[in-house]
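Subject: Structure handover

Hello,

Here is the structure we talked about. Please open it first, then read my notes below.

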Amino acid sequence: MFKTVEWKDGAVRLIDQTRLPKEVLYVDCRDVETVAQGIKELWVRGAPAIGITAAYGIALAAQKIKAISFDNFYQELMPSCDLLAGSRPTAVNLFWAIDRMKQTAITHRELSIPSLKQTLLREADRILSEDIAMNRAIGKFGAALILPDSGILTHCNAGALATGGYGTALGVIRSAWEENKQIRVYADETRPVLQGARLTVWELVQEKIPVTLITDSMAGFFMKQGKIQYCVVGSDRIAANGDIANKIGTYSVAILAREHRIPFYVAAPMSTIDFKMPSGEEIPIEERHASEVTHIRGKEITAPEATIANPAFDVTPASYITAIITDKGVFKPEEIKDLDPGSSDHPGK
Ligand code: MRU
């Protein structure tokens, strides 16, 4: 099994996902600038995976700091945190991981600088291993919702490549398959960057999980034919009211699912919930370079004069979501706000 992100020989090692499925190429990022470039240019992508990568990026930056007092150390670490925070705007896991690393430094301010550097690295390791454990839990909760002999449509890639391992939406699918449920996955190709065609299909064929690749515009056709019993997607940010941001095209899938009375599930770890974001309306949507739309694998497909729009994500309103599958259980979108540790309805209060 491949590792999407890992700490290896003093570097942050990533699979360059832009090369998949043609080539499995590992890149060793030896400075924080290269880590930020990797996130921006989609060598690594998927909300949990970019959070983990940023955590290692901070640990990497920390190793190089020469300061001997905590205050100077922390001050010198901040530009690296800011650089990583500026790499992509939509996935909240990125900001969640950066905040957690900053908090770890502050909590351990009494340590010697060499010990503090080690502590930051161990924290990034913990973010990675916790993510895999959360995905396993999501998988178990989600698989319980899936009946055998079903077709499951997924959009984009919310698999091992988008996380520390196992995946969120693909975690549900993997878990159902491990429980011997006969399923067939319908993978939307996911234009413009083709995460479905290039990454989701690649992951599933390796594990021999039956998968049919379809273009985004075919989803309604297969729903109408009765081939799809569930939609399961990941998320980049879940707002307190249960609205979710995910890869562009997710909203269209949700509307089609509603029309065909197909359950629409969102699978995501707690680190994807942004309790400070009241609704999906306020989630910042990344606009990516026009060339992703004007070109397919380096080939121009439109008139050079064309005006281009390229929002990378859209927001699916809570009303279209059957349930949100988290590592803490399965919740209706309107129950999400109660999971906030600060809420009076939180199960721990
Ligand atoms: O632009 P990307 O490839 O980073 O977008 C990824 C997605 O939209 C995923 O569905 C989402 O991050 C969830 S990954 C578990």
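Strands β10 and β15 (residues 323-326) run parallel and are joined by 3 bridges. Within that pairing, Tyr265 stands opposite Ala323 in β15. Please keep in mind that this is a predicted model.

β10 also pairs with strand β7 (residues 230-233), again in the parallel sense, over 3 bridges. There, Val233 stands opposite Val266 in β10.

Which way do the side chains of β10 point? Phe264 and Val266 point one way from the strand, which covers residues 264-267. Tyr265 and Ala267 point the other way. All four are buried.

Next, the open sheet. It has 4 strands, in the order β11-β8-β9-β14, and the pairing is mixed. β11 (273-274) and β14 (313-316) stand at the edges. Each has a single partner strand, so one side of each is left without a neighbour in the sheet. Strand β8 (residues 237-239) and strand β9 (residues 244-247) run antiparallel, joined by 2 bridges. Arg237 stands opposite Ala245 in β9.

Now a helix residue. Arg136 sits in helix α5 (residues 113-143). Is Arg136 buried, partly exposed or exposed? Arg136 counts as partly exposed because its relative accessibility is 45%, and that class lies between the 20% and 50% cut-offs. Setting aside neighbours within four places in sequence, Arg136 is in contact with Tyr166 and Glu178. Tyr186 is 50 residues from Arg136 along the chain, and their C-alpha atoms are separated by 22 Å.

Finally, the overall picture:

- The protein has 10 helices and 16 strands.
- Its radius of gyration is 20 Å, which agrees with the value near 20 Å for a compact globule of 349 residues.
- Along the principal axes, the C-alpha atoms fill a box of roughly 65 × 55 × 40 Å.
- Buried residues make up 56% of the 349 residues.
- Of the contacts with a separation of 6 or more, 74% are between residues 24 or more positions apart.
- The accessible surface comes to about 14900 Å², and 54% of it belongs to carbon and sulfur atoms.
- There are 39 positive and 43 negative side chains, and the centres of the two sets lie 5 Å apart.

Best wishes

Definitions and conventions. Residues numbered from 1 in each chain as written. Predicted model: local features only at pLDDT ≥ 70, side-chain atom pairs only at ≥ 80, totals over all residues. Heavy atoms only, no water. Rg over C-alpha atoms; globule rule 2.2 N^0.38 Å. Buried < 20%, exposed > 50% of the residue type's maximum accessible area, 1.4 Å probe, protein only. Contact = heavy atoms within 4.5 Å. Areas by Shrake-Rupley, 256 points an atom, 1.4 Å probe, with all protein chains shown as cover. Lys, Arg positive; Asp, Glu negative; His and termini not counted. Charge placed at Lys NZ, Arg CZ, Asp CG, Glu CD. Pairing = 2+ DSSP bridges.
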